[in-house]
Amino acid sequence: MHDAYGILVIESSDWDAEHLRAYLRSLSKPVRVLKASDLDGEIARIDVIILGFTDAVSLETSRQTLEKVRTLSPTAQLILCVPRESTDADRRALELKARAFLFKPVVESTFHELMEQTLSSIHLRRERQEHARASKRSVKVEEIVGTSALIKQVLELIDRVAESATTSVLLLGESGVGKSLFAHTIHERSRAATGPFIEINCATLPDNLIESELFGYEPGAFTDARAQKIGLIELADGGTLFLDEITEVDPITQAKLLKFLDTKRFRRLGGDREITVETRVIAASNREIKDEVKVGRFRDDLYYRLNVVEIRVPSLRERREDVDTIANHYLESFKKKFAKPDLTVAPAARAMIRDYPWPGNVRELVNVLERAVLMCKDPAIEPHHLPLEMPVSGRRAAIVRRPDGRIELELPTGVVTLDEVERALIEATLKRTRGNVSRAADLMGTSRGALRNKLTRYQIDARAFARPLALQD
């Protein structure tokens with residue numbers, strides 16, 4: 001809830017001043033009505049100045065107060081109240097940089113309409129400022145840790161994308177790779193870095209809330225809409241809106257989002273006025289969006305509109321050479337956080353960190369390291385401080401087709417993960433198709449792209465199964 005709006009009334013006519021103050025007290029929004037004698041200690045909190053005069057002399061007398069207030073409260077909006085017989089109201093308003101002017105005697109309904117519009121614009125400015133301040137967290141480019149060729153390629157692409165402050169970007173990658181950090185980096189390297197960075201995870205909101213969160217609404221738009229709400233698209237004007245898990249957006253909102261991306265204009269729910277903003281949209285997903293398009297869960301036109309530039313964030317398995325660098329970076333951070341400057345990592349634990357497949361990617365690595373540093377009471381972090389279940393070398397699940405056509409799994413003793421079973425199925429199918437990925441995907445009832453992602457995830461080289469047919473005697 002915002003503080004009341006500070007409104008200063010400077011009026012040479014006591015009768016007009018009293019009527020203006022009465023009109024202000026009947027507004028729907030909370031206001032603090034001030035007069036010139038109240039200025040001490042209040043100037044910095046003035047949002048609107050209402051300046052009324054009867055002739056040129058009274059205007060000049062009020063100018064000094066106006067200039068003093070504007071020096072200390074430069075964002076205050078000015079509304080002029082001028083005599084009806086005035087022939088230069090337009091010139092006066094332009095000269096004084098007023099938002100609008102009204103002729104005296106001021107009509108209450110006209111005054112209310114103008115004040116509601118003015119206070120709504122101030123409310124929007126406050127919201128944007130708050131979001132801009134909140135988004136200025138300490139996210140720096142150097143926090144994208146790594147020197148692998150894959151990460152260098154991604155950062156080079158980010159630099160090129162950042163040259164435009166409005167181009168849509170689609171970030172793809174597994175959960176935990178840090179898509180939010182990459183989105184924030186694009187924002188910070190662009191001309192829009194001084195604007196807000198607003199992030200929303202579309203998977204956390206039900207369908208009936210996503211639309212209102214993005215586009216906002218007017219009072220009375222639906223049963224519980226008692227006051228105006230500024231949507232995230234509008235709040236991100238001049239900056240970046242990051243839509244994580246974009247595939248969770250419902251079809252109706254997808255259509256509205258497409259229209260906004262095409263025109264940069266939208267309407268709040270229940271509103272009849274089109275609003276234009278300059279907001280860059282960065283969308284992200286851990287799914288293969290092309291597959292979502294094929295099955296009808298995601299609009300193809302929205303996919304193509306978002307996919308102006310596609311950036312694939314590599315998994316930690318794809319850049320294993322960065323594991324040590326990332327681990328060292330966060331270990332130093334957590335040692336400072338928990339005041340353990342002398343803590344070291346034993347060679348066995350270091351090898352465990354290096355060899356673990358990290359299915360949860362950087363997020364899992366960071367969480368494991370934080371827990372290890374926090375819980376370790378020894379001089380060095382040992383393997384037992386790391387809550388990791390290492391895969392046992394040589395232990396593999398196998399798929400066997402029995403003579404009656406049934407498929408069975410031959411499992412080794414001990415724990416067998418679902419990933420191991422999936423890997424065994426993929427390898428068995430590739431062996432059957434002699435490394436033909438398209439045929440293997442058809443046999444498994446999935447897309448070629450999805451299977452390619454699995455091959456990357458499990459580090460399976462399909463070419464290893466492309467053996468020539470044996471010569472027949």
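Analyst: Let us begin with helix 15, which covers residues 418–433, and helix 17, which covers residues 448–458: the two pack at an angle of about 115°, and their axes are 11 Å apart. Please keep in mind throughout that this is a predicted model.

User: Is the crossing of helix 15 and helix 17 left-handed or right-handed?

Analyst: The crossing of these two helices is left-handed.

User: And which residues make the contact?

Analyst: From helix 15 the contact uses Asp419, Glu422, Arg423, Ile426 and Leu430, while helix 17 brings in Leu451, Lys454, Leu455, Arg457 and Tyr458.

User: Is alanine 339 buried or exposed?

Analyst: Alanine 339 has a relative accessible area of 64%, and because exposed means over 50%, this residue counts as exposed.

User: You mentioned helix 12, so what can you tell me about aspartate 324?

Analyst: Aspartate 324 has its place in helix 12, which runs over residues 323–337, and at 24% relative accessibility it counts as partly exposed. Leaving aside neighbours within four places in sequence, aspartate 324 is in contact with Arg350 and Arg354. Aspartate 324 and arginine 350 are 26 residues apart in sequence, and their C-alpha atoms are 8.3 Å apart in space.

User: Switching to rings, how many aromatic pairs are there?

Analyst: The count comes to 10 aromatic pairs. One of them is formed by tyrosine 217 and phenylalanine 222, whose ring centres are 4.8 Å apart and whose planes stand at 65°, so this pair is edge-to-face, the cut-off for that being over 60 degrees.

User: How accessible are tyrosine 217 and phenylalanine 222?

Analyst: Tyrosine 217 counts as buried at 15% relative accessibility, whereas phenylalanine 222 is partly exposed, with a relative accessible area of 35%.

User: Which rings are linked into a cluster?

Analyst: Phe215, Phe260 and Phe266 are linked into a cluster by ring pairs.

User: Let's change topic: where is the cis peptide bond?

Analyst: The cis peptide bond joins lysine 104 and proline 105, and its omega is about -10°. Proline 105 lies in the loop between strand 5, residues 100–103, and helix 4.

User: And what about serine 120, is it buried or exposed?

Analyst: Serine 120 is found in helix 4, which covers residues 108–135. At 17% relative accessibility serine 120 counts as buried, because the cut-off for buried is under 20%. Apart from neighbours within four places in sequence, serine 120 is in contact with Lys29 and Gln228.

User: What does arginine 191 touch?

Analyst: Not counting residues up to four places away in sequence, arginine 191 touches Ala162, Glu163, Ser164 and Ala165. Arginine 191 is found in the loop between helix 6 (179–188) and strand 7 (197–201), and at 63% relative accessibility it counts as exposed.

User: One more residue, then: where is glutamate 310?

Analyst: Glutamate 310 is found in strand 14, residues 309–312, and it counts as partly exposed at 27% relative accessibility. Residues up to four places away in sequence aside, glutamate 310 touches Leu157, Leu170, Leu172 and Tyr303.

User: To finish, how many helices and strands does the protein chain have?

Analyst: The secondary structure of the protein chain comes to 17 helices and 18 strands, and buried residues make up 46% of its 473 residues. Among the contacts in the chain with a separation of 6 or more, 72% are between residues 24 or more positions apart.

Definitions and conventions: Residues numbered from 1 in each chain as written. Predicted model: local features only at pLDDT ≥ 70, side-chain atom pairs only at ≥ 80, totals over all residues. Heavy atoms only, no water. Phe/Tyr/Trp six-rings, centres within 6.5 Å; stacked < 30°, edge-to-face > 60°. Buried < 20%, exposed > 50% of the residue type's maximum accessible area, 1.4 Å probe, protein only. Axes fitted to C-alpha atoms, helices over the stretch in contact; angles between N-to-C directions. Helix = DSSP H or I, 4+ residues; strand = E, 2+ residues; numbered from the N terminus. Left-handed = near helix turned anticlockwise from the far one by under 90°. Contact = heavy atoms within 4.5 Å.
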